[in-house]
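Hello,

I am handing over the structure we spoke about. Please open it alongside this email.

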Amino acid sequence: MKYNYYDIKNAYEKIGVSKGMTVSLKTDLRFLGPYDSNSQNDLLAAHFNVLADLVDLSVGTIVVSTATFSLCNTDNVFDILNTPSEMGSLTEYVRTRPGSVRSFHPFASYAAIGKNANYICENTGRHSVGPNSPKARLLELDAQYLSVGLPPSRVTMVIHHIEKLMGVPYRHTKEFIHPVLRNGVIVYEPFYLYVRYLECDVEMDLDNKVYPYFYSEGFKTKEENLGRGKVYFYSMNDFYLSTVKLLTKDIYACLEGEPIIRPYQT
C-alpha cells in the first residue's frame, strides 16, 4: 500500500514535530516503500513541505547533513554551491531550496533552512566536530532528531562530537589539505576530521551500551509507522546528556568492545 502527503503529516504531527523547533533531519526514504506519486520530486516536496509547515520556517529550522566523504584523499574540488550532498535525495532537495545555507567543509558540511540557518552554518570552524561546528550549534538550539526510515542508532552523528568533547583515546584529529572553490578561485586549505585509529580494529556499536543507557536514564524516542517503515523523534540534548554520563563511566562504551591494539598508549 502506498503512503501519501496526509500520512506524512499525520506521522510527523503524532511524534511531536511542532512550530519553532530546530529539526535535524536524517533520512532513507527507501525504507518507507512506495509513495502515491511516481514523481521523485513530488515525494521529496511532500516530506519537505510537511516539515516546513509544521516547524514554520519563520521561527523554526530544518537541518540536514550534506556530507561528501568521497572527496577525502582526492583532488576533487569542493564547491559549496554545486557539490551535491551524498546523504540522500531529501538532503540534496533541502540543500537546493531557496534560502538554504550550507556550512563550508569539503567532507562534513551541513545545510539548513529557516530562522537559525545562518547561525548553524555560517562562520563554522575547519573541524567537523567540536566548538563552532554545526553539531555544537544544534545542541545550543536544543535540536530534535527526526529520523525517517532509519532507527536512531544508525543516524546519531552527534556521537562523534560527544567523543571529541570526552576525548576518547581511540580517535585522533587528522588534517586534510583539500582543494576548495573560494570566490571563483581554487585554493588548497586545511580541514580536519576526527577519525579512529585504524590499528584499533574495532567498530562503533551504539546498540550495545549507548542506547540501552539512554533508555535506562528515562529518555525516550517517539516513533510512528509511515508507509512500510517508521519515523523516529527524540532530543539531541537528551542523547548528549546520557552519553556524556555513560562515557564518564566507560570511555569505550560506543564501541563493540575495547581495542586490543592501542596505538595511543605510551
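Predicted model: local features only at pLDDT ≥ 70, side-chain atom pairs only at ≥ 80, totals over all residues.

Helix α2 first. It covers residues 40-55. Its 16 residues should span 22 Å at 1.5 Å a residue, and the end C-alpha atoms are 23 Å apart, which agrees. Ser-39 caps the N-terminal end, with a side-chain oxygen 3.3 Å from the backbone nitrogen of Asn-41. Buried residues of α2 include Leu-43, Leu-44, Phe-48, Leu-51 and Val-55. Asp-56 follows the helix, and its phi is positive, near 60°.

Asp-56 also pairs with Lys-19 in a salt bridge, with the closest N and O atoms 3.8 Å apart. Lys-19 sits in the loop between α1 and β1, and Asp-56 in the loop between α2 and β2, so the pair ties together parts that are 37 residues apart in sequence. Lys-19 is exposed at 60% relative accessible area. Asp-56 is partly exposed at 24%.

The structure holds 12 salt bridges. Among them:

- Lys-230 with Glu-223, 3.4 Å from N to O. Both are partly exposed, Lys-230 at 29% and Glu-223 at 40%.
- Glu-258 with Arg-262, the closest N and O atoms 2.7 Å apart. Arg-262 is partly exposed at 23%.
- One network of bridges with shared partners, joining Arg-126, Arg-182 and Glu-189.

Last, Glu-163. This residue is in helix α6, residues 158-166. Glu-163 is buried, with a relative accessible area of 0%.

Best wishes

Methods: Residues numbered from 1 in each chain as written. Heavy atoms only, no water. Helix = DSSP H or I, 4+ residues; strand = E, 2+ residues; numbered from the N terminus. Expected span 1.5 Å × (residues − 1). Buried < 20%, exposed > 50% of the residue type's maximum accessible area, 1.4 Å probe, protein only. Polar contact = N/O pair within 3.5 Å; in protein donor to acceptor, adjacent residues only side chain to side chain. Salt bridge = Lys/Arg side-chain N within 4 Å of Asp/Glu carboxyl O.
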